[in-house]
Amino acid sequence: MGQPVLKNQGISEPTSQLPSATGDVSVPLLRVLRPEEMDDAAANLPEKIPHSEGSGSSPSVVAAAQAAPTAEFLEQLAEESQRLESATPQEILQWAVQRYAPKFSMATAFGPEGMCIIHMLSEFAPETPIFNLETGYQFEETLELREQVKRRYGIEVEYKRPETSVEEYERMHGGPLYNSNPNQCCMDRKIKVLQRAAQGLDAWASAIRRDQSPDRGKAPIVGWDKKFGLVKVSPLANWKKQDVWAFISKHQVPYNPLHDRGYPSVGCWPCTRSVLAGEDERAGRWSGFAKTECGLHSSD
Ligand code: SF4
């Protein structure tokens with residue numbers, strides 16, 4: 001299958017003051033270790049997630065979400081995050097892989113940002129487990145993109161599914177909840193699924209950009225995600241939309257064809273509409289509701 005043609009994405013070169021997408025900014029402290037150096041380095045790292053209570057390995061979803069790190073650990077994370085502010089996304093991902101693999105994972109809805117991260121990981125850590133929260137309400141185009149990722153990168157993105165099928169769920173509630181109670185629907189079909197997926201992990205990568213919303217604007221490069229009891233790494237936090245599309249164009253990264261049909265942000269089909277010229281890029285998500293996030297990336 002040929003590569004999709006980029007249209008109407010406001011493509012431009014990455015802004016010069018931002019970390020380069022090509023990884024050519026030198027950050028000496030973040031050198032990738034050779035395999036024979038890994039054991040020594042691991043011995044010198046602080047414990048990955050020292051919890052003041054709870055082990056994070058409890059089978060209880062609630063226990064995993066409640067696990068609290070020590071103040072010292074949070075301080076270390078904040079320092080690392082500050083240091084990584086000037087690193088490229090590739091360097092941030094390499095840092096995360098060195099520090100947390102094999103308990104480092106990535107969740108993706110196959111958005112343009114997530115596709116950039118998949119491309120980057122395919123180059124230096126293709127074994128990184130990547131999963132998709134398959135709510136049962138995703139667009140066919142999104143599901144097809146998973147197949148494209150398999151063909152292009154040899155990476156099989158794992159579906160993580162809710163406990164009930166769409167049919168069972170709608171039967172239980174007398175119809176779909178996305179119209180009447182989307183918060184509950186997202187809780188059941190996304191948040192709880194990620195909470196289960198988080199068990200056994202130490203860290204996860206998200207593809208959020210700070211300029212997407214005021215809440216996302218507060219995201220550190222590396223921080224503690226109390227909702228899921230994991231370290232959250234956001235390698236694209238400093239990127240702008242044009243950086244994402246410049247990277248996609250340069251590397252011919254596959255992307256969801258819906259972006260060329262007026263859907264800058266794609267989620268589940270019942271909660272996504274195309275946007276009009278001049279509208280915010282996330283205006284098509286949960287249109288008509290006060291809701292702006294599914295809850296995976298909100299700080300509350
Ligand atoms: S985005 Fe819509 S359909 Fe998808 S889980 Fe949330 S409320 Fe349900």
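Predicted model: local features only at pLDDT ≥ 70, side-chain atom pairs only at ≥ 80, totals over all residues.

Trainee: Is T272 buried or exposed?

Mentor: Count the C-beta neighbours: T272 has 21 of them inside 10 Å. The cut-off for a buried residue is 20 or more. So T272 counts as buried.

Trainee: How far apart in space are T272 and G284?

Mentor: In sequence, T272 and G284 are twelve residues apart. Going from C-alpha to C-alpha, the distance in space is 5.3 Å.

Trainee: On to helix α3, then. Which residues of α3 are buried, and why are they on the same side?

Mentor: Helix α3 covers residues 71-84, and A71, E72, E75, E79 and Q82 are exposed on the other side. An α-helix has 3.6 residues a turn, so residues three or four places apart point the same way. The buried residues of α3 are L77, E80 and L84. They sit on the same side of α3 because they cover an arc of only 65° around the axis.

Trainee: What span does α3 reach from its first C-alpha to its last?

Mentor: Helix α3 has 14 residues, and 1.5 Å a residue gives the expected value. The span in the model is close to that expectation, at 20 Å.

Trainee: Now strand β3. Which strands does β3 pair with in the parallel sense?

Mentor: Three bridges join β3 (residues 104-107) to a parallel strand at residues 203-205, where F104 has A203 as its bridge partner. Two bridges link β3 to a strand at residues 130-133, and there A107 is partnered with F131. In order, the two strands are β6 and β4.

Trainee: And what handedness does the β-α-β unit with β3 have?

Mentor: The unit is made of β3, helix α5 (residues 112-124) and β4. Its handedness is right-handed.

Trainee: Which residue in the turn of the β7 and β8 hairpin has a positive phi?

Mentor: Strands β7 (residues 222-225) and β8 (residues 230-233) run antiparallel and are joined by four bridges, with G223 standing opposite K232. Four residues lie between the strands. The one in the turn with a positive phi, about 65°, is G229.

Trainee: Last one: which residues come nearest to the ligand?

Mentor: There are 13 residues around the ligand, and that shell divides into nine nonpolar, two polar and two charged. The ones that come nearest are P182, C185, C186, C268 and C271.

Methods
Residues numbered from 1 in each chain as written. Pairing = 2+ DSSP bridges. Right-handed = clockwise from strand over helix to strand, strands pointing away. Near = placed C-beta within 6 Å. Nonpolar A, V, L, I, M, F, W, Y, C, P; charged D, E, K, R; others polar. Expected span 1.5 Å × (residues − 1). Buried ≥ 20, exposed ≤ 12 C-beta atoms within 10 Å, placed from the backbone. Arc of directions from axis to C-beta.
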